Amino acid sequence: MNLLFLCVPFVGMLLCIAILPLIRGEWWENHRLHAVIFWSLLFAVPYGLLNGPAVSLETVLECLVNDYLTFIILLFGLFCVAGNITMSGDLAGSPRVNVGLLALGTLLSSWIGTTGASMLMVRPVLKMNSWRKRKRHIIVFFIFLVSNIGGCLTPIGDPPLLMGFMRGVPFFWSLHLAPVLLVNMVVLLFIFYQIDRRAYRRDIASGLHPDISKPGTEVKLRGAHNLIFLVMIVAAVILSGTLPSLPMFQDAEGNVLGLHIFGEVTLSWPAVLEIVIILLAAFLSFRTTDAGIRRENHFTWGAIEEVAVLFIGIFITMQPALMLLKACGASLGLTRPSEMFWATGMLSSFLDNTPTYLVFLTTAGSLGFADGMMTALGTIPLKVLMAISCGAVFMGANTYIGNAPNFMVKSIADENGVRMPSFFGYLLWSLCILVPVFALDTLIFFL
């Protein structure tokens with residue numbers, strides 16, 4: 001009961017994000033930090049009264065040090081490096097070009113991460129469609145595919161799969177999800193093409209035309225050396241997931257060594273190494289790239305600042321919901337792949353998909369299955385493992401807060417003059433388009 005009561009600040013935080021930009025936009029822009037502080041304290045203070053100040057402080061620090069810090073440093077590094085890469089040329093944002101860009105970004109997501117692919121591709125997509133009036137749907141489908149669904153093929157693609165790899169799931173096992181990805185890509189790109197073709201024709205009919213001389217003949221990539229720094233960041237993420245299992249990073253009891261902060265809160269040395277490499281990549285990117293490229297990209301710090309502020313509140317206030325999920329996950333009675341797919345996915349739409357994935361992976365490993373994938377958590381049937389993986393990765397696309405890149409892409413689009421749907425408006429898009437696609441996934445793959 002106490003945990004349910006303590007979930008109120010998380011609900012309040014979500015409602016602020018969803019409603020205040022619509023009814024008090026200017027106030028929200030100036031005071032969102034105050035709202036974050038208010039809702040965070042509304043969780044931390046009662047939690048401290050119930051469990052003691054030390055426990056409350058330790059819970060908040062554990063969240064900030066081991067979840068939020070690495071999360072925002074990764075976003076910051078990718079935001080900086082991708083902001084120093086620009087694509088220009090004679091490609092105009094036509095339906096065929098946009099389908100190609102979305103397909104490319106979707107395939108890149110599994111190899112440089114959904115965040116990396118999103119930050120790399122969003123500005124070229126915005127630039128090539130800058131002449132168009134009707135374009136919000138392009139960014140909505142970009143979030144669906146590039147920022148989420150495309151990250152399912154490797155542990156690099158999305159953090160939940162990296163956690164699975166750290167617990168005994170083979171690195172290339174995720175390639176088994178390729179048929180599911182292919183079905184989703186084909187269906188969503190077909191729907192997108194129909195919507196975009198209609199919007200494109202309306203733009204042309206209203207007198208809008210791309211400012212190009214020879215459509216589709218030349219593309220130039222400036223700041224391409226920053227791809228090296230992008231690889232550095234991807235390598236840092238891989239190292240942070242693999243180094244903790246090495247004996248040199250563990251004490252005699254098998255605990256990961258690190259920098260002690262408070263109580264049981266420790267920033268592990270692999271995490272410190274990840275942070276250092278990412279910040280070094282961002283620093284070198286700025287030092288070696290002409291500032292004109294950032295001006296051409298309309299680069300500002302507004303998007304990363306907004307995400308940094310809001311997600312502090314989200315990470316802190318969602319702790320009771322995660323505690324409740326961990327406490328009750330095994331008693332939910334979920335055993336079938338379809339149940340695991342929807343339970344993991346719907347919770348991943350509003351909570352951090354990494355701990356949600358771990359809760360259901362642990363639950364599946366404890367059910368005593370005789371056949372399937374041998375992991376550190378137990379034997380898990382392949383179809384169940386596929387369902388949990390797809391639920392965590394795919395359904396992060398259902399809301400702006402479901403996965404880290406979603407809100408970042410929205411903020412960048414807003415900065416570039418694209419009037420994105422509100423929180424509830426975006427949710428309506430996902431209910432109308434994604435949920436039927438996920439129902440199709442259930443019928444084909446998870447029954």
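Guide: Let's begin with Ser-109, which touches Thr-114, Ala-117, Val-146, Gly-150, Gly-151 and Gly-157, leaving out residues up to four places away in sequence. A contact means heavy atoms within 4.5 Å. Bear in mind that this is a predicted model, where local features need pLDDT of at least 70 and side-chain atom pairs count only at pLDDT 80 or more, while totals for chains, interfaces and linings use all residues. Residues are numbered from 1 along each chain as its sequence is written, and side-chain values use heavy atoms, without hydrogens and water.

Visitor: Why does Ser-109 count as buried?

Guide: The label goes by relative accessible area: under 20% is buried, over 50% is exposed and in between is partly exposed (1.4 Å probe, protein chains only). Ser-109 has 0% relative accessibility, so buried it is. You'll find Ser-109 in helix α5, residues 95-128.

Visitor: What makes something a helix with a number like that?

Guide: Helices are DSSP runs of H or I with at least four residues, strands are runs of E with at least two, and the numbering goes from the N terminus.

Visitor: How do you know whether α5 and α17 are roughly parallel or antiparallel to each other?

Guide: You look at the angle between their axes, which are lines fitted to C-alpha atoms, for helices over the stretch in contact, with angles running from 0 to 180 degrees between N-to-C directions. Under 35 degrees counts as roughly parallel, over 145 as roughly antiparallel, 65 to 115 as roughly perpendicular, and the rest as oblique. The axes of α5 and helix α17 (residues 404-415) come within 10 Å and cross at roughly 20°. That angle is why α5 and α17 are called roughly parallel.

Visitor: And what is the handedness of the crossing of α5 and α17?

Guide: Right-handed. The near helix is turned from the far one by less than a right angle, clockwise for right-handed and anticlockwise for left-handed. The contact involves Thr-114, Thr-115, Ser-118, Met-119, Val-122, Arg-123 and Leu-126 on the α5 side, and Ala-404, Pro-405, Met-408, Val-409, Ile-412 and Ala-413 on the α17 side. By class, that gives nine nonpolar, three polar and one charged residues. Ala, Val, Leu, Ile, Met, Phe, Trp, Tyr, Cys and Pro count as nonpolar, Asp, Glu, Lys and Arg as charged, and the others, Gly among them, as polar.

Visitor: Why is α4 called roughly antiparallel to α12?

Guide: Helix α4 (residues 53-83) and helix α12 (residues 302-317) have axes that come within 10 Å and cross at roughly 160°. With that angle, α4 is roughly antiparallel to α12. Their crossing is right-handed too. Among the α4 residues meeting α12 are Val-60, Asp-67, Tyr-68 and Phe-71, and the α12 partners include Phe-311 and Phe-315. The contact holds 18 nonpolar residues, no polar ones and one charged.

Visitor: What makes two rings an aromatic pair?

Guide: Rings of Phe, Tyr and Trp (its six-membered ring) pair if their centres lie within 6.5 Å; planes under 30 degrees apart are stacked, over 60 edge-to-face, and the rest tilted. There are 29 such pairs in the structure. Phe-286 and Phe-299 make an edge-to-face one, 5.9 Å centre to centre with 70° between the planes. Phe-286 sits in helix α10 (residues 269-288) and Phe-299 in the loop between α11 (291-296) and α12, so the pair ties together parts 13 residues apart in sequence.

Visitor: Are Phe-286 and Phe-299 buried or partly exposed?

Guide: One of each: Phe-286, at 25% relative accessible area, is partly exposed, while Phe-299, at 14%, counts as buried.

Visitor: What makes the phi of His-298 worth a look?

Guide: Most residues other than glycine have a negative phi. His-298 isn't a glycine, yet its phi is positive, about 55°. His-298 lies in the loop between α11 and α12, and its 54% relative accessibility makes it exposed.

Visitor: Why does Pro-170 count as partly exposed?

Guide: Pro-170 has 40% relative accessibility, so partly exposed is its label. Pro-170 is in the loop between α7 and α8 (178-205). Apart from neighbours within four places in sequence, Pro-170 is in contact with Phe-165 and Met-373.
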